[in-house]
Amino acid sequence: MASHNALLSGIDLQCYENNHAHRTEEMDMERLLVRRGQPFSIVLQCPDQIPRIPDHQLNLILHLGKNNEVVLKVSDSKQDHGKWWFSQRNAQGEVMLTLHSPADAPVGLYSMTVVLLSADGQILEQTKSQTFYLLFNPWCKNDSVYLPSEELLQEYILNENGILYQGSWDDITTVPWNFGQFEKDLVDICFEVLDNSPAALKNSEMDIANRASPVYVSRTITAMVNANDDRGVVSGRWDGEYSDGVAPTRWTGSVPILRRWSEGGGQRVRYGQCWVFTGVACTVLRCLGIPTRCITNYSSAHDTDSSITVDYILNDQLESVYEGRKDSIWNYHCWVESWMKRDDLPEGYDGWQVLDPTPLERSDGVFCCGPCPVYAVKEGEVGMKYDTPFVFSEVNADLIVWIVHPDGERIQVSQNSKVIGRNISTKSVYGDFREDITANYKHPEGSMKEREVYKKAGRQVGQKNEGPGQLELFIKHAPAIHGTDFDVIIEVYNAGREDTVAQLTVTSNAITYNSIHRGECQRKTTSLTVQAHKAHKEVLRLQYDHYGACVSEHHMIRVTALLQPTHQDKIILQEINIPLKMPALHIKITGKAIVSGKLTANISFTNPLPVSLQGGVFTVEGAGLTEAKEIKTHGKIEPGQAVKVKFSFKPTRAGLRKLLVDFDSDRLRDVKGEATVIVRTKMQNRNAVPEI
């Protein structure tokens with residue numbers, strides 16, 4: 001510590017100037033947060049003693065790790081490439097030190113002490129220790145997360161508002177998500193997640209050294225976002241029983257999840273599903289400085305046996321017949337991509353990497369997935385780490401359908417290469433609309449190149465029953481609005497020259513987004529004769545009385561049709577998933593949108609169901625606007641009844657901000673809404689205009 005005759009009386013970390021220069025001012029203005037590979041300056045105060053300093057030597061001592069496991073000595077000469085160093089400029093009563101960090105320095109919380117040495121190397125004085133965070137730097141050309149596009153960085157690092165895609169491949173829906181990576185103290189929680197990893201708890205010094213690598217850090221985050229093996233953040237659940245936690249559909253952002261985990265001492269937060277894991281992972285990775293975006297893959301395969309096929313084994317009643325774990329096709333599945341160099345792989349696999357934090361399969365004994373190069377997936381290079389075979393299956397497996405007859409005989413009835421991995425989607429950097437990135441993951445479905453890649457990935461290419469036969473089967477449906485009855489039309493067309501007799505079995509089931517059956521709604525079996533060059537239509541009327549009791553929180557109905565011609569081998573199976581349209585949730589914001597000024601959100605919702613709702617609760621949150629809060633409704637909400645609530649808040653940060661609202665009740669969940677406001681730093685003579 002400095003004495004009363006001290007040459008060094010204090011340090012000014014210049015947080016305001018440095019954080020602005022390093023694009024971390026949204027995180028904090030009172031603490032120093034800088035990005036590696038980019039210089040930052042501190043001011044050393046030396047009143048009345050400045051002439052003596054050139055006769056001495058200044059050094060900096062950096063400690064890294066909760067227990068100061070790693071110690072670095074920093075001098076004023078650029079001795080070795082890739083080492084910390086500083087330059088100094090003297091002024092009256094002050095010395096400005098400009099610190100240069102290597103672009104591959106470990107990220108983390110550093111403590112810094114300035115030491116004054118005599119000419120013979122004796123310590124004369126040292127300052128009180130100061131701390132700062134060092135983050136990845138995608139603006140730095142020498143950083144392995146460098147992304148040479150300011151437009152992309154504005155979205156994939158700096159944007160706190162996101163869109164997650166749900167629904168089905170032919171009826172895509174959107175869900176707003178608050179990443180909130182710059183909310184107060186979130187950076188501390190993100191590093192707390194790393195500190196709680198098994199590797200950090202086992203050997204913290206080695207873990208800290210490895211934090212120089214985005215491959216290591218991103219893989220660790222992928223494992224830690226789910227709580228299956230460790231002190232991870234979110235516990236997954238898919239069975240509809242969430243009474244001892246929060247239903248996955250209730251969350252509107254990552255911040256309350258991460259805060260709840262931290263405040264609970266690392267206790268897992270209940271509950272999440274794939275989009276929740278994805279949103280939390282995106283928040284942490286963007287906060288740490290790794291460019292990241294959220295991905296939705298429609299008709300996503302979950303291949304349990306690494307066969308690069310999904311096997312549906314059914315009896316002639318369309319009931320699943322499985323032994324052990326079964327393959328499935330998720331209506332959609334979400335993961336993240338992060339941008340980085342892959343110095344651990346041969347040349348050519350840099351760029352976007354798949355990271356999947358949802359606990360699906362183990363990788364090296366742990367529930368995590370990635371980073372897996374998107375390019376390796378597209379080219380069928382399944383030997384590239386990490387977990388490329390699993391990701392390849394998710395987007396490009398073949399669907400094989402088997403029918404088991406009553407005598408036990410199992411017959412393969414089709415192999416289809418075109419149903420898995422559709423409309424792979426992410427939010428555009430140019431606005432709140434969808435960008436289709438399917439072409440990043442695979443060549444055009446059914447093309448010669450795509451089949452070559454599939455074969456290279458280790459599978460024989462089957463063509464069994466790929467082309468249309470004499471009979472063709474189609475499923476269509478009228479607009480499906482939750483709470484109403486609607487028709488599903490099954491059309492059988494006979495392209496042949498002769499009349500054909502067949503049996504048609506149609507079932508409708510309430511399912512979750514990841515294909516778990518919650519109950520059969522209706523079933524219909526018909527014997528029919530289809531005239532040559534004619535179509536036969538069957539109508540299945542889906543009534544709320546049938547599906548309302550068993551529909552999942554994902555509001556999804558799956559209709560499956562099995563057509564079995566009497567006199568030919570070709571059996572046809574078709575399936576569609578029907579997302580039920582949800583009611584609108586209206587938000588109107590009043591007041592002048594300025595920092596610390598009062599705004600009021602007027603939220604209204606009308607019950608669309610023919611039954612009453614109970615236990616209604618609105619959840620609101622918004623980065624830079626308000627922390628997550630709940631507003632409960634009282635009593636029953638009758639059919640057709642409107643419920644209105646008001647909520648006041650004071651914005652904390654300027655800029656384009658989104659208020660996200662969720663409504664949940666006993667019979668209706670996952671109703672979302674959002675409103676956008678432009679928050680200004682000072683009063684202006686116009687009102688903020690919300691976009692509803």
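Is E491 buried or exposed? At 14% relative accessibility, E491 counts as buried; buried means under 20% relative accessible area, exposed means over 50%, and partly exposed lies in between (1.4 Å probe, protein chains only). Before the close-ups, a word on the model: it is predicted, with local features needing pLDDT of at least 70, side-chain atom pairs counting only at pLDDT 80 or more, and totals for chains, interfaces and linings using all residues. Residues are numbered from 1 along each chain as its sequence is written, and side-chain values use heavy atoms, with hydrogens and water left out.

**View 1. E491 and its contacts.** You'll find E491 in strand β27, residues 486-494. Helices (H or I, at least four residues) and strands (E, at least two) are DSSP runs, numbered from the N terminus. Skipping residues up to four places away in sequence, E491 touches E472, L473, F474, K476, A535, H536 and K537. Contact here means heavy atoms within 4.5 Å.

**View 2. I313 meets residues from elsewhere in the sequence.** I313 sits in strand β16, residues 309-315, and counts as buried at 12% relative accessibility. Take I313 and V404: they are 91 residues apart in sequence, yet their C-alpha atoms are 7.0 Å apart in space. Neighbours within four places aside, I313 is in contact with E319, S320, V321, Y322, W402, V404 and R410.

**View 3. Helix α3, largely enclosed.** Eight of the 10 residues in helix α3 (residues 186-195) are buried, so the rest of the structure largely encloses this helix. The buried ones are L186, V187, I189, C190, F191, V193, L194 and D195.

**View 4. An open sheet of three strands.** The strand order is β33-β34-β37, and the pairing is antiparallel. β33 (585-590) and β37 (642-649) are the edge strands, each pairing on one side only. From one strand to the next, the twist averages 20 degrees; axes are lines fitted to C-alpha atoms, for helices over the stretch in contact, and angles run from 0 to 180 degrees between N-to-C directions. Two strands pair if DSSP finds at least two bridges between them, and six bridges join β33 to β34 (residues 599-606). Look for I587, which stands opposite I603 in β34.

View 5. C282 counts as buried at 0% relative accessibility, and C294 counts as buried at 8%.
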